[in-house]
Amino acid sequence: MSEVLSGINAANREEILNRAIKKAAMRILPMLLAMYVLSFLDRANIAFAKQAFQSATGVTDIAFAFGASIFFIGYAIFEFPSNLMLHKFGARRWMSRIMISWGIVASCMLFVMTDASFVAVRLLLGAMEAGFFPGAILYMTYWFPAKARGRIFGVFYIGAPLAMIFGGPIAGAFLEMDGLMGLQGWQWLFLIEGVATVLFGFFVWWYLTDHPADAHWLTEEERTVLAEEIATEDQAKEASGHVKLGQALKDPLLLKFCAIYFLIQVAGYGLTYYMPSQIAGLLQMKIGLTVGFVTAIPWTFATIAAFFYPPLAVKLNRRMGFGVAALVIVAIGLSASGNLPPAWAVLALCFAEAGVICGQPVFWTFPSGYYTGYAAAGSLAVINAVGNLGGFCAPNLKVWAELGFGPNAGLYALAAAPFIGAIILYSIKSKVPADGAVEAPAAIG
């Protein structure tokens, strides 16, 4: 490496680095994006199948809410060890394993006919998918320097809205395939999306590259400069306050990161699970192709916003302000959507969804710039695992609030979460760089 670097002057080093980042983004991001789309469809397709699935199986509303949310218990339990395994064995092997195993379990949903079997399959599905998202975030830190992560994370996060933009109409079409080859529409939905995930998992094994040094598709100069840039950043984190994994897990800041992400997920999964039902109620029709297309509108709005909002937050050195604003917008949009005529309610949901999708990549620039090495693998997994328990909380919180306080109380309960999250995010301003450089001044390694 030193011999290659000695032949590169400062003037063209930046050009080589930018070229390497661009090549890495062009090769890696589409793959990660496709994986995230399949991951999010795996979680969200239950929302589209809800009416048909419950009608066919007799699964009760309480069992459905519990089964939909228990996914995140299995996910949380296995998240931490899964991410450590990825760091040890490499993203290519471990991401492939995750996708193949969750695809197989997802396909088994077509055999579910009782409350107990529904809960069991959802719990197992969470365990099999555990580690994908924090693994993807960790993997991107191997490839992209801090200056590029706001843009990279923003592009990655459009996987969720893309899943719902295309997944809504596709799910609606699958649900109308009742009777084909003796299967109901909801069974086709789970079967096809599960098999697609398994096949893609095998492709991941062949396609992904673990580290820049292994990238045959980069020139020697590009490999060297990119690897050196990432290594320099990691060394800077360690030099400014090296802390082992055990110490990182005791850091009070980690608890705040977990709380913020948890509160974001309460609102995010509340929207994901119940937006199709809410829009069906606004349109006064059952969930099908039409509802699928209308549900795609807020996700389309969020996709467009995700291309501009996170990169702008980094470019203007105002990540804290942009992050807080995004969460407040979620709270306002959710609250307003329950008190407006249909067209205006859909517009409110557009802003709420955009706030969720844009706020998360801004949020992840803070912990990804604060941790490195095994501390990054473990801490990012803990943040995502605890945060995703918001997906367990959201359906149960909404049902509890509506049973106790009326129809709109569920939306208000969900809206309170991101508002509290915005307050906690602002409270860590002195601990992480609100403006300026992405890395924290006292990082954990």
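Reader: How many cavities of 30 Å³ or more does the structure hold?

Author: The model is a predicted one, in which local features need pLDDT of at least 70 and side-chain atom pairs count only at pLDDT 80 or more, while totals for chains, interfaces and linings use all residues. Residues are numbered from 1 along each chain as its sequence is written, and side-chain values use heavy atoms, with hydrogens and water left out. On a 1 Å grid over the protein atoms alone, a cavity is a set of points where a 1.4 Å probe fits but cannot get out; a pocket is an open set with protein on both sides within 12 Å along at least five of seven lines; and lining residues have an atom within 4 Å of a point. Grid points are joined across faces, edges and corners, and a volume is the space filled by probe spheres set on the points. The structure holds 4 cavities of 30 Å³ or more.

Reader: Which residues are closest to the centre of the largest cavity?

Author: The largest cavity contains about 150 Å³ of space. It has 18 lining residues, of which Tyr36, Phe40, Gln265, Tyr269 and Gln360 are closest to the centre. Helices (H or I, at least four residues) are DSSP runs, numbered from the N terminus. Helix 12 supplies the largest share of this lining, 5 residues; helix 2, helix 12, helix 15 and helix 16 each give at least two. For residue classes, Ala, Val, Leu, Ile, Met, Phe, Trp, Tyr, Cys and Pro count as nonpolar, Asp, Glu, Lys and Arg as charged, and the others, Gly among them, as polar. The lining of the largest cavity has 10 nonpolar, 6 polar and 2 charged residues.

Reader: What lines the second largest cavity?

Author: The second largest cavity, with a volume of about 50 Å³, is lined by Leu38, Leu41, Asp42, Asn45, Trp102, Ala106, Phe190, Glu193, Gly194 and Thr197. Helix 2, helix 4 (91-107) and helix 9 (185-207) each contribute at least two of the lining residues.

Reader: Is serine 39 buried or exposed?

Author: Buried means under 20% relative accessible area, exposed over 50%, and partly exposed in between (1.4 Å probe, protein chains only). Serine 39 has a relative accessible area of 0%, so it is buried. This residue belongs to helix 2 (residues 10-57). Contact means heavy atoms within 4.5 Å; leaving aside neighbours within four places in sequence, serine 39 is in contact with Trp102, Glu129 and Phe132.

Reader: What is the volume of the largest pocket?

Author: The volume of the largest pocket is about 330 Å³. Its lining comprises 16 residues, and those closest to the centre are Tyr274, Ser277, Gln278, Lys398 and Glu402. Two or more lining residues come from each of helix 2, helix 3 (61-89), helix 12 (252-283) and helix 16 (373-405). Helix 12 gives the most to the lining of the largest pocket, with 4 residues. By class, this lining has 6 nonpolar, 6 polar and 4 charged residues.

Reader: How many aromatic pairs does a search of the whole structure find?

Author: Rings of Phe, Tyr and Trp (its six-membered ring) pair if their centres lie within 6.5 Å; planes under 30 degrees apart count as stacked, over 60 as edge-to-face and the rest as tilted. The search finds 25 aromatic pairs. Tryptophan 206 and tyrosine 207 form a tilted pair, because their planes are at 45 degrees, with ring centres 6.1 Å apart. Tryptophan 206 is exposed, at a relative accessible area of 62%, whereas tyrosine 207 is buried, at 18%. Tyrosine 261 and tryptophan 364 form an edge-to-face pair, 5.0 Å centre to centre with 65 degrees between the planes. This pair links distant parts of the chain, as tyrosine 261 is in helix 12 and tryptophan 364 is in helix 15 (residues 342-368), 103 residues apart. Both tyrosine 261 and tryptophan 364 are buried. Ring pairs also link Tyr36, Phe133, Phe156, Phe257, Tyr261, Phe363 and Trp364 into a cluster.

Reader: Where does the charged end of arginine 27 sit?

Author: A charge sits over a ring if NZ of Lys or CZ of Arg is within 6 Å of the ring centre and within 35 degrees of the ring normal. The charged end of arginine 27 sits over the ring of tyrosine 207, 4.2 Å from the ring centre. Likewise, the charged end of arginine 92 sits over the ring of tryptophan 205, 4.6 Å from the ring centre.
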